[in-house]
There are 2 protein chains.
Amino acid sequence: MDATNGSQPLESQAKAFFDSAPPLQNTHQITQKLVQFIQHNSSPLENGDFKRIVCVTSGGTTAPLEQRCVRYVDNFSSGHRGATSTEYFLKAGYAVIFLYRRGSFQPFCRSLPDDPLLECFKPTDDLNIQVHEAYSEAVKRAVVDHHAAVTGGLLLKLPFNTIFEYLQMLQLVATSMRCLGPCAMFYLAAAVSDFYVPWKDMVEHKIQSGSHLLDVQLVEVPKMLSMLRKDWAPLAFCVSFKLETDSNILLNKAAIALEKYKMDAVVANELTTRKEQVVVVTRGENIIVQRDNSHSGNDVENPLIKLLSVRHAAYIKDSGSGK
Amino acid sequence: MDATNGSQPLESQAKAFFDSAPPLQNTHQITQKLVQFIQHNSSPLENGDFKRIVCVTSGGTTAPLEQRCVRYVDNFSSGHRGATSTEYFLKAGYAVIFLYRRGSFQPFCRSLPDDPLLECFKPTDDLNIQVHEAYSEAVKRAVVDHHAAVTGGLLLKLPFNTIFEYLQMLQLVATSMRCLGPCAMFYLAAAVSDFYVPWKDMVEHKIQSGSHLLDVQLVEVPKMLSMLRKDWAPLAFCVSFKLETDSNILLNKAAIALEKYKMDAVVANELTTRKEQVVVVTRGENIIVQRDNSHSGNDVENPLIKLLSVRHAAYIKDSGSGK
């Protein structure tokens, strides 16, 4: 295992990561979908502006411990933030590329139970099925709104599981969006593994039990945020996330990430309060964004996406171009 | 971290595991559900026999690496085996306690896509919803059959995530089923973590990145199969599973498990062929069980559950009691 990665230039680290990763399945299909989606959404609007496209990443990535994967290290993330934000981005007029962990929360479905089909439907007397009244409106809204966004060409959903799939797909998405210049936004809400086992170092077969201790050594994942900023889509408006369970170190770490990866904003959230409040850390100021508690059904993502949308519009204007 | 566990008697290992585990939420509620379910299903049948109850475990357990859990080690298991087997156990006249990983496959739903609500339904012109024709029968069957099993008191579903939850719940289920004597079956299809980090050794907050290597040390999970056999439900018919990616060591490991944990049968399956064929390893013989390919919709679980049901009936008869 190569512990000297830290001293290599980032480009070599990234190259080594991608060279050694198992190749992405369906690369051609994904690329085609991306090209079509971006083309569909990049004709000028009536007022001469361009539609804005955001790539929302959502859910956690896995780091396999075995090549024929039985065990892996996973990052906790329900995908609630990404799914909710996607709805508000669509409301704000964005087209959304939703890069999500398989099985995580989906846009328009977050008020539904875990198993919506089994929990929301019941048989009728004639052995047909119908929706429980309590869920009737939520189920209808989920299907209708989701269908409208997808068939309207405003929502493209791309699933991943592993850190290898995620980073290869993010690179594909970002290089495809490069042509949008400042009109592209990255909203990187996925909980990405910090550590992984390089594919070539992995055992092929299931790790055998029998010993009393298992010692797993993982190496750091190259900081691909820098690659996104420098190489893949240098003009895009980039928002990353910092999640900590210890609020004492949160803002400091967010500010460090802002500078280190040259993000336009870092959304700082603490595990226990993340649905009530986040802090948007920018170069000029730290903006506290809170959920409006005055009526139910409001989410902290509502004011958050409004704020980011305004900042993104200003960023496009400052760049001196609608495209 | 205590590396000397191996030399302690199993009972002390198990006690240490349970004493240090975070307490199970809703223990009282789960116990009540179990008592009601077992009572409902343990009146004698018309022919004087007793209904048989099986506990099917399904999906993988997680081993958290942090107390306020962001990262964890997970075991790959879709839960397909457990969900499918549950359907065939119900068909064979069993009542089923389905102890499953949250988000894994559910009985009656395995022919449906990942997101059945979003994939199987579409809006109608009047902004209502209807099922896509291709899924019409599958969706109806899922809702109707699932509802019939649950409301008929024949299927009790209990979800878990972590290895701590799983083992505490298995102990609750097993001690509740103890009164059923040989009429109880355990069908342990869940992919249970072999290694974990003891709760007291865990860091409270998220592990910080920044170093180039992460070294995770896990200790072996006490072999609770022995506790189940010896203490929790000593007369039950016990079936465990052995999954390997390397077919060369599979049967040997299954035979060792059969003896070591005093199982009545071990189902040996290899990762790539597990939907086509399994080998049931018993004290007398190894029985190859194959999927019937002559018509579609057949599963290897169909002949497997038939075989186990016959063996279980003989086991009850040999025990000289219907209860």
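## Helix packing and chain contact

In H6(B), Leu167(B), Leu170(B), Gln171(B), Ala174(B) and Thr175(B) meet Met224(B), Leu228(B) and Trp232(B) of H7(B). By class, the residues of this contact of H6(B) with H7(B) are 6 nonpolar and 2 polar, with no charged ones. The model is predicted.

Two packed helices are described by the angle between their axes and the distance between the axes. Here H6 spans residues 163-177 of chain B, and H7 spans residues 224-232 of chain B. Their axes come within 10 Å. They cross at roughly 20 degrees. Angles under 35 degrees count as roughly parallel, so H6(B) and H7(B) are roughly parallel to each other. The crossing of H6(B) past H7(B) is right-handed.

Next, the contact between the chains. The size of an interface is often given as the accessible area lost when the parts come together. Between them, chain A and chain B bury about 5900 Å². Carbon and sulfur atoms carry 60% of that area. On the chain A side, Leu117(A), Leu118(A) and His212(A) supply 11% of the area that chain A buries against chain B.

| Chain | Residues in the contact |
|---|---|
| Chain A | 63 residues |
| Chain B | 62 residues |

How many salt bridges are there between chain A and chain B? The count is 2 salt bridges. In a salt bridge, the side chain of Arg71(A) meets that of Asp194(B), at 2.5 Å from N to O.

Conventions. Residues are numbered from 1 along each chain as its sequence is written. Chains are lettered from A and ligands numbered from 1 in the order in which they are written. This is a predicted model: local features need pLDDT of at least 70, side-chain atom pairs count only at pLDDT 80 or more; totals for chains, interfaces and linings use all residues. Side-chain values use heavy atoms; hydrogens and water are left out. Axes are lines fitted to C-alpha atoms, for helices over the stretch in contact, and angles run from 0 to 180 degrees between N-to-C directions. Helices (H or I, at least four residues) and strands (E, at least two) are DSSP runs, numbered from the N terminus. Angles under 35 degrees count as roughly parallel, over 145 as roughly antiparallel, 65 to 115 as roughly perpendicular and the rest as oblique. A crossing is left-handed if the near helix is turned anticlockwise from the far one by less than a right angle, and right-handed if clockwise. Contact means heavy atoms within 4.5 Å. Ala, Val, Leu, Ile, Met, Phe, Trp, Tyr, Cys and Pro count as nonpolar, Asp, Glu, Lys and Arg as charged, and the others, Gly among them, as polar. Buried area is the accessible area (1.4 Å probe) that two parts lose on being put together, summed over both. A salt bridge is a side-chain nitrogen of Lys or Arg within 4 Å of a carboxyl oxygen of Asp or Glu.
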